[in-house]
Amino acid sequence: MDGILNVYKQPGFTSFDVVAKLRKICGQKKIGHTGTLDPDASGVLPVCLGNATKLCDMLTDKDKEYRAVLYLGRVTDTQDASGKTLKEHPVLLKAGQIRQIILSFVGEYEQLPPMYSALKVNGQKLCDLARAGKEVERMPRTVVIHSIHIEQIALPYVTMTVCCSKGTYIRTLCHDIGQMAGCGGIMESLVRTRSGRFCLQDAYKLSQIEELSQKGQLETILLSTDTMFAHLMAACVKPEAARRADNGNPLLLEHLEWITPKERVFLKEGQQIRLYGKDGCFYGIYSWQEKECRLKPVKLFFTH
């Protein structure tokens, strides 16, 4: 099977666990997830099957949304509730002051990746080094907090929804908020409510996916690869140019029949389109090259 499953990752599972279980459920090896979620966290985890695994890096790059509970007054080695307590302090600030501090993080900020993370330094995962009691120097990374909606402040707890760029650690955001508040802070709980276009309300638990698989109905929830590019113009390759498309060669405009109404077709340098075969098979994404007057393949999903 080729396509994307919107999986609800339950607490206690690693992202790798989800992929391993899906390999058994689906009966195929070529499966990959699109962004690690902490074992204690839950929520949206898009998983790609078959030729859709070529999408993994593209989907990982999308913005994310999380619902997090921040606990103020505690610092742990993992920056969340599962870690060893390092310090505890009373929360002296009032709710209004805490709100101002939290909202000050909206926008770009330099975030230091936590030691307990899957990032690699010199070929070694930071989390493996951390478990061995080692701490290494990490470089801060620029992340973007698009918005923070504070749902409730009931000190020492704060419930908030955070929309952010890829690579943002909510654990570290909670830690940094706590540091600025002067009392420390940890992430008490986390739910990923959105990853790109995939939303929590449309996600399926592994048990539901397994039940559908046993009934032979798994494809009813499998999103086709081309749905990820529904915003792009679409064309069909003419039969005489099918061999060129099969071999992944550049195409000329005369090789295409437009599926998108011609009056809406406007190509400029770098403009991307979806390309299909006569039988409806999805070839992939092509980009317009103005100087050469041709379309060059960007990402191909077609298999013979």
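Author: Asp 226 sits in the loop that joins α6 to β14 (233-237); helices (H or I, at least four residues) and strands (E, at least two) are DSSP runs, numbered from the N terminus. The model is predicted, so local features need pLDDT of at least 70 and side-chain atom pairs count only at pLDDT 80 or more, while totals for chains, interfaces and linings use all residues. Residues are numbered from 1 along each chain as its sequence is written, and side-chain values use heavy atoms, with hydrogens and water left out.

Reader: Is Asp 226 buried or exposed, and what is the nearest side chain of opposite charge?

Author: Buried means under 20% relative accessible area, exposed over 50%, and partly exposed in between (1.4 Å probe, protein chains only). For charge, Lys and Arg count as positive and Asp and Glu as negative, while His and the chain ends are not counted. A salt bridge needs a side-chain nitrogen of Lys or Arg within 4 Å of a carboxyl oxygen of Asp or Glu. Asp 226 is buried but has no salt bridge, the nearest side chain of opposite charge being Arg 274 at 4.7 Å.

Reader: Which residues is Asp 226 in contact with, leaving aside neighbours within four places in sequence?

Author: Contact means heavy atoms within 4.5 Å. With those neighbours left aside, Asp 226 is in contact with Arg 274, Tyr 276 and Phe 282.

Reader: How many salt bridges does the structure hold?

Author: The structure holds four. One of them joins the side chains of Asp 38 and Arg 171, at 2.9 Å from N to O. This pair links distant parts of the chain, 133 residues apart: Asp 38 is in the loop between β2 (31-33) and β3 (42-49), and Arg 171 is in helix α5. Asp 38 is partly exposed, at 24% relative accessible area, whereas Arg 171 is buried, at 4%.

Author: Another salt bridge is formed by Glu 151 and Arg 67, with the closest N and O atoms 3.0 Å apart. Because Glu 151 is in strand β10 and Arg 67 in strand β4, the pair ties together parts 84 residues apart in sequence. Glu 151 counts as partly exposed at 36% relative accessibility, and Arg 67 likewise counts as partly exposed, at 40%.

Reader: How do I read the sides of a helix, and which residues of α6 (residues 206-214) are buried?

Author: An α-helix has 3.6 residues a turn, so residues three or four places apart point the same way. In α6, Leu 206, Ile 209 and Leu 212 are buried. They lie on the same side of α6 because they cover an arc of only 125° around the axis, the arc being that of the directions from the helix axis to the C-beta atoms. The buried residues of α6 pack against β1 (3-9) and α1 (15-26). Just after α6, Gly 216 takes a positive phi of about 70°.

Reader: How many residues has the largest nonpolar core, and which elements give two or more residues to it?

Author: A nonpolar core is a set of buried Ala, Val, Leu, Ile, Met, Phe, Trp, Tyr and Cys residues joined through side-chain atoms within 4.5 Å. The largest one here has 27 residues, and those with the most contacts inside it include Leu 70, Ile 102 and Met 160. Two or more residues each come from β4 (64-72), α3 (95-103), β10 (141-154), β11 (157-164), α5 (170-181) and β12 (185-195). The largest share, five residues, comes from α5. Apart from this core lies another, of 17 residues, among them Val 18, Leu 45, Leu 206 and Leu 212.
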